[in-house]
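I opened my notebook today to look around a protein model. Come along and check each entry against the picture.

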Amino acid sequence: RAFLKKAQEDLGRLVAEEGTIDVFCIQEHKLQEGKHCEDATVALHEYFPGYSMYWNCSTVKKGYSGTAILSREKPLQVTYGLGMDEHDGEGRVVTAEYDSFYVVNVYVPNAGEGLKRLDYRIGEWDLALSSYIKGLESKGKAVILTGDMNCAAEEIDIHSPKTNLRSAGFTIEERTSFAEKYLQNGMKDALEH
């Protein structure tokens, strides 16, 4: 909401520079179902006229997390979450299915202040998301995973890596989990250095 109030010209510039955008994904929108999403949809239609918009919102905490997919072509199907109650209350995943591929937009949980969610992140979430992706791949379509993975996988991805070794998103545990569950599990990093 704050972005739409303060930085709409930036969005307009992005859309003008990129030209036709087939799929636009948003993470951490912090909107609530209902009026908030309806207002955002109306505002975004100025920049994405005719697009279908799909919002996944946190139901466990107001003003928290959330993901969205804006699609020029109407998807065959849209699903919300991983299909597991223990992971789906924060609105962190929305998936759009097309003829030959899936787009999975994700906002991976951060390990948090004091790394209080580190065990959940690497012991449960990464495993569940990796399994979900493999399940989609088993249906014979390509999977495009996009979003905020909340992990700086390599030292080049973060400022001052030596002093950030115990910072959320750059712990050895998170980087190892990211490599094992995603990169070494058949996925390719489009931003690989």
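**Ground rules.** I am working with a predicted model, where local features need pLDDT of at least 70, side-chain atom pairs count only at pLDDT 80 or more, and totals for chains, interfaces and linings use all residues. Residues are numbered from 1 along each chain as its sequence is written, and side-chain values use heavy atoms, with hydrogens and water left out.

**Entry 1: two helices.** I took helices (H or I, at least four residues) and strands (E, at least two) as DSSP runs, numbered from the N terminus. Two packed helices are described by the angle between their axes and the distance between the axes. I looked up α5 and α6 (residues 172-181): their angle is about 10° and their axes are 10 Å apart. Axes here are lines fitted to C-alpha atoms, for helices over the stretch in contact, and angles run from 0 to 180 degrees between N-to-C directions. Angles under 35 degrees count as roughly parallel, over 145 as roughly antiparallel, 65 to 115 as roughly perpendicular and the rest as oblique. The two helices α5 and α6 are therefore roughly parallel.

I then checked who touches whom, with contact meaning heavy atoms within 4.5 Å. On α5 I found, among others, Leu118, Ile122 and Leu127, and on α6 the residues include Glu174 and Phe178.

**Entry 2: burial.** Buried means under 20% relative accessible area, exposed over 50%, and partly exposed in between (1.4 Å probe, protein chains only). In α6 the buried residues are Glu174, Ser177, Phe178, Ala179 and Lys181, and they pack against α5.

**Entry 3: a loop residue.** Is Leu115 buried or exposed? I found Leu115 in the loop between β6 (101-107) and α5 (118-137), and it is buried, at a relative accessible area of 18%. Beyond neighbours within four places in sequence, Leu115 is in contact with Arg166, Ser167, Ala168 and Thr171.

**Entry 4: positive phi.** Most residues other than glycine have a negative phi. I noted that Glu28 has a positive phi of about 55° although it is not a glycine. Lys30 also has a positive phi, near 65°. I found Glu28 in the loop between β1 (23-27) and α3 (35-45), and Lys30 is in the loop between β1 and α3 too. Glu28 is partly exposed at 37% relative accessibility, and Lys30 is partly exposed at 39%.
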